[in-house]
Amino acid sequence: EKHISIQRHLADLEKLANLKEDEKKPCPLCPEEKFKACYSHKLHRHLQNLHWKVSVEFEGYRMCICHLPCHPVKPNLVGDQTLSKMGAHYHCIICSATITRRTDMIGHINRHVNKGETESRFITVPAPKSSHEVLKELATDVQVLPNYSTPQKTDSYFNPKMKLNRQLIFCALAVLAEERKPIECLDAFGATGIMGLQWAKHLRSSVKVTINDCNENSVTMIQENCHLNKMKVKLNTKEDDNDEALGDGEENTDTIEVTKMDANVIMHLRSFDFIHLDPYGTSVNYLDSAFRNVRNLGIVSLTSTDTSSLYAKAQHVALRHYGCNIVRTEYYKELAARIVIAAVTRAAARCNKGIEVLLAVALEHFVLVVVRVLRGPSPADNSAKKIRYLIHCQWCEERIFQREGNMVEENPYQQLPCDCHGSMPGKTAVVLGPLWSGALFNTGFLRRMLFEAVQYGLDEAQPLLKTLVCEAECTTSKHFTTHSPCDENKQEECGVYIKTPNNSAESYLVPGKRKSNEVIRNAAKRQKAENSAEHPAFYYNIHRHSIKGMNMPKLNKFLCYLSEAGYRVSRTHFDPMGVRTNAPLAQFKTILMKYSTPTYTGGQAEGPLHRAEDVQAGEQVEAAADGKVEDAEFLEDDKSGVAAAVFTKDYPTHCAAD
């Protein structure tokens with residue numbers, strides 16, 4: 001039976017007191033020592049003001065505050081009173097728990113509602129089931145629970161902000177599905193099952209999808225979403241291997257396998273061609289299991305959402321999880337991607353496997369890394385050699401990877417291109433890492449991902465993939481060309497992999513049944529050329545290195561200036577104002593200062609004006625101050641490094657100095 005404090009109406013609560021005008025009655029929800037028996041009019045006010053007004057309402061019932069001795073509190077040791085004292089509390093209508101505060105009781109009821117637990121054993125009339133919200137993404141419908149975007153408040157987490165992440169993973173899987181069919185793929189953390197449903201719905205017979213989750217409510221939600229998308233379900237658990245078909249699969253005969261077990265367990269038990277890890281927080285706890293049974297030339301993708309540690313906001317956590325010493329730099333996002341790849345490389349090497357990085361993306365909410373697995377000790381050794389330490393100058397932010405070898409150097413500062421250590425007192429550089437020092441992108445794989453994104457209409461992923469292709473080739477967007485991967489070689493065969501001398505693997509899907517030796521040699525040469533023209537490591541933020549008192553050129557124009565100077569240059573997705581180039585920082589600043597124009601103010605500018613014999617005439621610039629100034633001369637002092645603009649008309653002399 002329900003507790004007496006749970007009633008529908010105030011009259012029901014008064015019936016418990018059996019009010020009579022000529023008799024004193026006690027309160028049914030208060031002990032005798034707290035509220036003595038009184039007449040009906042006073043007891044009515046007591047029940048209404050103390051119990052009914054501060055109640056919590058749910059499904060037409062009121063959970064009134066109760067003072068009866070059914071919720072013991074800590075003993076009161078004041079004076080001689082050592083007995084337990086009973087405190088005010090509420091009784092939950094769903095689970096019979098006793099809650100002290102009203103706000104806590106409201107939160108307790110809301111948690112029941114978020115989990116779908118709205119039926120009470122006290123309510124005789126069946127409560128209406130809460131309607132789940134249905135969201136649609138990439139022609140796939142999924143049901144979500146309330147508070148679906150807050151992982152602490154729901155079992156089936158669904159983040160709409162990760163749509164771009166899901167599209168990139170879909171493109172990577174689509175490329176692998178074109179290489180060999182069928183492939184077994186695993187979504188280790190299914191939640192709502194949105195990612196696995198998209199794979200099965202669009203790639204169909206090319207993939208065999210397995211969606212796993214260790215939470216029972218999430219597994220139930222995944223089954224309902226499969227039924228919603230007219231998919232057949234094969235349910236497997238650790239306890240039994242019962243096959244259960246859910247939903248009417250008349251329209252779509254594809255079958256999705258849903259498992260309920262720990263992610264480490266299923267990756268230890270079975271082999272897969274494609275594994276995606278997207279846990280809440282860091283994914284380092286699942287890397288050893290992922291690389292143990294993944295098939296040769298398969299793909300492992302992982303999404304890390306612990307951006308506070310990877311982006312150097314919680315440096316002690318990064319040291320604990322990834323074993324890396326980091327500081328906040330201008331290139332912190334690329335630093336985060338290299339930290340994750342280094343952890344992936346070490347985990348793969350422990351299983352005698354090497355990796356080839358296909359894609360590394362670091363955005364506001366996540367870090368996505370996609371790697372291809374190369375089985376064997378030689379690829380594992382080659383990959384492990386690319387984990388190195390980074391020397392970072394804290395004055396000018398120049399950076400360089402340490403040289404290979406285990407010999408101790410007398411002066412590590414000599415490896416830096418800058419001379420800050422000689423001109424500045426004290427220690428000027430820090431050692432970061434260990435980090436991945438190899439390439440972050442595979443151009444051929446990215447081009448085929450772009451082709452799949454266009455084919456499936458993934459509008460959000462296309463601009464990012466174009467930027468990634470330009471970044472991988474270290475070219476500007478105006479040199480970007482879009483072509484199908486089939487155009488690269490007309491005689492390559494689907495499912496045959498090209499093994500290059502450095503044990504990297506790449507394959508292309510094109511019609512044909514045999515590969516001639518000449519075709520294989522050409523493909524190997526092409527990939528060797530791509531690897532030799534590896535994109536430069538890290539990037540520079542143009543605002544961080546701007547000159548005080550000078551207007552910088554437009555970013556695209558500045559890229560042209562660097563390219564005309566003979567350097568490789570491109571934009572980067574890590575930073576909208578970042579420039580990836582192989583130019584040294586000193587030359588980068590020189591070109592930036594050369595094409596910057598002085599900033600003019602209305603009054604006299606600060607700083608003295610240099611004499612004409614102390615400066616050299618530089619490049620002519622046009623200064624338009626309110627349309628009055630027509631001619632100006634840009635002057636630069638080689639000794640002091642002061643740039644000035646001297647007006648040659650009958651106007652006051654102005655100077656912009658740094």
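A residue counts as buried when its relative accessible area is under 20%, as exposed when that area is over 50%, and as partly exposed in between (1.4 Å probe, protein chains only). The structure above is a predicted model, in which local features need pLDDT of at least 70, side-chain atom pairs count only at pLDDT 80 or more, and totals for chains, interfaces and linings use all residues. Residues are numbered from 1 along each chain as its sequence is written, and side-chain values use heavy atoms, with hydrogens and water left out.

**Exercise 1. Classify the pair formed by the rings of Tyr-539 and Phe-574, and state whether each residue is buried or exposed.**

Step 1: Recall the rule. Rings of Phe, Tyr and Trp (its six-membered ring) pair if their centres lie within 6.5 Å; planes under 30 degrees apart count as stacked, over 60 as edge-to-face and the rest as tilted.

Step 2: Apply it. The two ring centres are 6.0 Å apart and the planes make 5°, so Tyr-539 and Phe-574 are stacked.

Step 3: Check the cover. Tyr-539 has a relative accessible area of 1%, so it is buried; Phe-574 is buried as well, at 2%.

**Exercise 2. Work out the order of the open sheet made by three strands, and name its edge strands.**

Step 1: Remember that strands of a sheet pair through backbone hydrogen bonds, either parallel or antiparallel. Here, two strands pair if DSSP finds at least two bridges between them.

Step 2: Follow the pairing. The order is 17-16-18, and the pairing is antiparallel. Strand 17 (399-401) and strand 18 (429-436) are the edges, since each pairs on one side only.

Step 3: Look at one pairing in detail. Strand 16 (residues 387-393) and strand 18 share six bridges; in strand 18, Val-430 is the bridge partner of His-392.

**Exercise 3. Say how many helices and strands the protein has, and what percentage of its residues is buried.**

Step 1: Count the elements: 18 helices and 28 strands.

Step 2: Read the burial: 49% of the 658 residues count as buried.

Conventions
Helices (H or I, at least four residues) and strands (E, at least two) are DSSP runs, numbered from the N terminus.
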